[in-house]
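The exercises below are meant to be worked through with the sequence and the structure side by side. Each one sets a task and then follows it with a solution in steps.

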Amino acid sequence: MIAVTDVPSGFAVRRGGRTSAWAALGSTAVVAVLAYLPYAVTTSVTGTIVTFLELLAMASMWNLLAGYAGLVSVGQQAYVGLGAYAVLQLSDWGVPPYLGVFLAGLVCAVIALPTSLLAFRLRGDYFAVGTWVIAEVYHLVMTRDAALGGGSGRALTTLSDLDPVVRQAFTYWVALAVCVLSVLGCYLLLRGRLGLALTAVRDNEVAASGAGVSVGWAKRVVYLVAAAGCGAAGGVILVSQLNVAPDSIFSVQYTAYMIFIVVVGGIGTLEGPILGAVVFIVIQQLFAGAGVWYLILLGGLAVIVAIRLPHGIWGTFSRRFGLRLFNVGYTVRGPRSPDPG
Amino acid sequence: MIWVNAIVQGLLLGGLYALFACGLSLMFGVMRIVNLAHGDMAVLAAFLVYSIIITTPIGVLGATLIVLPLFAVFGYLVQTGILSPALRTGPLSTLLATFGLSIVIQNALQQGYSADTRALDVGSLVSASLHITGQLSVAYLSLITFGLAIVVLVALQLFLSRTGTGRIMRATADDPEAATLSGANPRHVYGIATAIAFATVALAGLMFAMQSSFSPSIGPTRLIFAFEAVVIGGLGSLWGTLVGGMVLGLAQTIGAQVDPAFTLLAGHLIFLAVLAFRPQGLIAARRTA
Amino acid sequence: MNLLVVDQLTVRHGQLTAVNAVSLDVADGTTLAVIGANGAGKTTLLRAIAGTIMPAGGTVTYDGQNVTRVPAHRLAANGIRLVPEGRRLFPSLTVEENLLAGAYRRNVNSVIELFPWIGQRRRQSARSLSGGEQQAVAIGRALMGNPRLLLLDEISLGLSPVAVQGLYAALPDIRAAGTTVLLVEQDVSQALRVADRVLCLLEGRPVLTGSPAELTPEAIETAYFGLTRRAS
């Protein structure tokens, strides 16, 4: 039996190289700068960044589902909504909302388990619409919960005794924490056995199953993690908006944003959603005054990218130049091959 | 007696849902594409007819006769221009392309017509009903819709089983590459399938718009109903779509009798129940989808 | 006159060159058999000629026209029909429907003349046929298109000797109708029995060509397996 370490001389099997080391350093620096921002800039800037962080967290989750596990969900808004309502309910029971955000992630993971039993009965594109129906069911169920505001929603009041600037700062840091955890979580998850299993499943599900990969387990874990991430993001949305209404928090618009960010940025890569989220925020800031035209632009861009640029901006770039900042795979370096990063 | 009324309404509603669903079922059966803009097409058709009616002396019937062939052509163009390239690009691309299309259509409609609800004026036909007994009456529009659904399904069945093009379509659905070896141009075949799908969903949208009010944002809900009808009935079965539609309609009308707020949820719950206990649908298809 | 001329055809499968600068010609009305071991590139060659795959280099000339980059469905409408490896009948269609799909005539009598058993079983689902029967229907399906050039890909694969005999028994009638045949066959003796000329491929390259009369068994064996004999 050949162990991974038994490699012919002159060759090396590596996890990362110089580029990914620099990328790790760079990312830490960026996060440190972001963490410092509430002391340096106005709340409108941090407010925009909070939106960016929410979207990036959700998009990373959608990327994990669709890009790595092959599960295209058009129903992640279910967990965004459930997460927001979980924070609301927990705060009614005395749990501080900032803690509630993280607990909401857990709650959503728990709800996702029985949900997955139903959802996984459908495959491919039918799975996609099935998740949408499930999201609608949760939407309708929450509309009937009078204690949590019923159809018109409710406000989160337990933070109102905080100074607004302080509150926005705490919201910002929680958003940053959720986002970093989401992206970092994906990275760590994919570097491990799960990542290997998912790559095998993505390449050939039947073969992977025959090789002993528990396909169902791998997909379910990803589904639960994605639910947790979206749930936490939903909690952040509540904490940042201070109120929630079922029609908006369960809106399929969130999934639309996730899809756009991942598709344009680059599906199946960790860097893609980051780039995509930046592009999205830039477009939003530039065109927000144009009303529905900006949504039409987004939709049209999604169609064009789907046909012409299937690997997204980062994906196309990365394939051209063989560049990977956050390496989740192994690379083989021969004596004469260049550093893959 | 109100329960009998609810049951009859539910069954007839199934006809409308079958009309919505048969195009979705066809596109998936032939091309393995789920058109996320399916419902929005229906709404687009309704708005087009609405515009024609209020700006020209052409009536509803005339407008329908204009819009349906137009949608067939539109479907062919969408297939060859967007969906076929997307099919070649990758498995995710068609889903993303149709999702993008859905967003574009909804927001373009909103831009052009505002978010207000409209209705298609068919005069006295809206409220005219057939009185069967003292307490049971059935709206003519519901009967006509159901009748149209049957006609469309029969026509589709005959098309697929008796005509050369239908045969080629079934062959392409089975094995696209082997079909090309027999001379079938897959792009053309897919174009025809999409044309049929768009025309039928346009008809569904018009029949719906005659009975209820509509607005730019109701497309996704129509898609979900169509999808639920297909899954409940059974993937790959054309008549299963009618059965699925009727079961869905029944669930909704009976749910509405229990509590009007329960209408939609009842339908979704039946869908989930079928998914949980009989995922292959009520009518198992002859072949796997 | 050469109905088909292939010149320096190269076809890639990802990073593998499956067909490497293969040239051949088939005279009108004759039968060329392409033999070779598994993976020699025979099926890829046939698919490239039929228009299912696009070659990376070289040309295919059919009836004087350059058809190298013409897609399969256009070639099928113009007289080139491929009977693909593995039969690939349409499972949800009946025998008769399989034959009629893509045919120009509305009746299947010509195919029933070749394979009489089809007459009784035309309404049967294609799925329920045996391997040999499916192969016969697949050949019939191609013939319904009135091909001038019939490409047969490994029709004996997975079939019993009796079934193979039955299929090849139909070949003389097909040739008598003037059809040019290019067949790929792993069973060398069968190929030698029916072909006017033979081409042997090894790892995508042509290594031997000639008529069955000219070629000795040793020459074929050497070419087929790529053996080099030491001078004794």
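**Exercise 1. Find which chains touch, and describe the side of chain A that touches chain B.**

Solution. In this predicted model, 2 pairs of chains touch, and the pair with the most contacts is that of chains A and B. Chain A and chain C, by comparison, are joined by no contact, and their closest C-alpha atoms lie 16 Å apart.

The next step is to look at the contact of chains A and B, to which chain A brings 31 residues and chain B brings 33 residues. On the side of chain A, the elements that give two or more residues are helix 5 (124-143), helix 11 (253-265) and helix 13 (292-308). Helix 13 of chain A gives the most, with 11 residues. Sorted by class, this side of chain A holds 25 nonpolar, 2 polar and 4 charged residues.

**Exercise 2. Describe how helix 11 of chain A packs with helix 14 of chain A.**

Solution. Two packed helices are described by the angle between their axes and by the distance between those axes. For helix 11 and helix 14 (residues 312-321) of chain A, the angle is about 20 degrees and the axes are 3 Å apart. Because angles under 35 degrees count as roughly parallel, helix 11 of chain A is roughly parallel to helix 14 of chain A.

The residues that meet are A:Val263, A:Val264 and A:Gly265 from helix 11 of chain A, and A:Gly312, A:Ile313 and A:Trp314 from helix 14 of chain A. By class, this contact has 4 nonpolar and 2 polar residues, with no charged residues.

**Exercise 3. Describe how helix 3 of chain B packs with helix 8 of chain B.**

Solution. Helix 3 (residues 60-89) and helix 8 (residues 186-211) of chain B pack at an angle of about 140 degrees, and their axes are 7 Å apart. Since only angles over 145 degrees would count as roughly antiparallel, helix 3 of chain B is oblique to helix 8 of chain B. The crossing of these two helices of chain B is right-handed, and the residues of their contact divide into 17 nonpolar, 7 polar and 1 charged.

**Exercise 4. Is C:Leu4 buried or exposed, and which residues is C:Leu4 in contact with?**

Solution. Begin by placing C:Leu4 in strand 1 (residues 2-13) of chain C. A residue is buried if 20 or more other C-beta atoms lie within 10 Å of its own; C:Leu4 has 22 other C-beta atoms within 10 Å, so C:Leu4 is buried.

Leaving aside neighbours within four places in sequence, C:Leu4 is in contact with C:Asp25, C:Val26, C:Tyr62, C:Leu149, C:Thr180 and C:Leu182.

**Exercise 5. Work out which strands strand 7 of chain C is joined to, and how its residues point.**

Solution. Strand 7 (residues 149-153) of chain C is mostly covered, with 5 of its 5 residues buried. From this strand, C:Leu149, C:Leu151 and C:Asp153 point one way, whereas C:Leu150 and C:Leu152 point the other way.

Strand 6 (residues 80-83) of chain C runs parallel to strand 7 of chain C and is joined to it by 4 bridges, one of which pairs C:Leu82 with C:Leu151. Strand 8 (residues 180-184) of chain C also runs parallel to strand 7 of chain C, with 5 bridges between them, and there C:Thr180 is the bridge partner of C:Leu149.

Notes:
Residues numbered from 1 in each chain as written. Chains lettered and ligands numbered in written order. Predicted model: local features only at pLDDT ≥ 70, side-chain atom pairs only at ≥ 80, totals over all residues. Axes fitted to C-alpha atoms, helices over the stretch in contact; angles between N-to-C directions. Parallel < 35°, antiparallel > 145°, perpendicular 65-115°, else oblique. Left-handed = near helix turned anticlockwise from the far one by under 90°. Nonpolar A, V, L, I, M, F, W, Y, C, P; charged D, E, K, R; others polar. Contact = placed C-beta atoms within 7 Å. Buried ≥ 20, exposed ≤ 12 C-beta atoms within 10 Å, placed from the backbone. Pairing = 2+ DSSP bridges.
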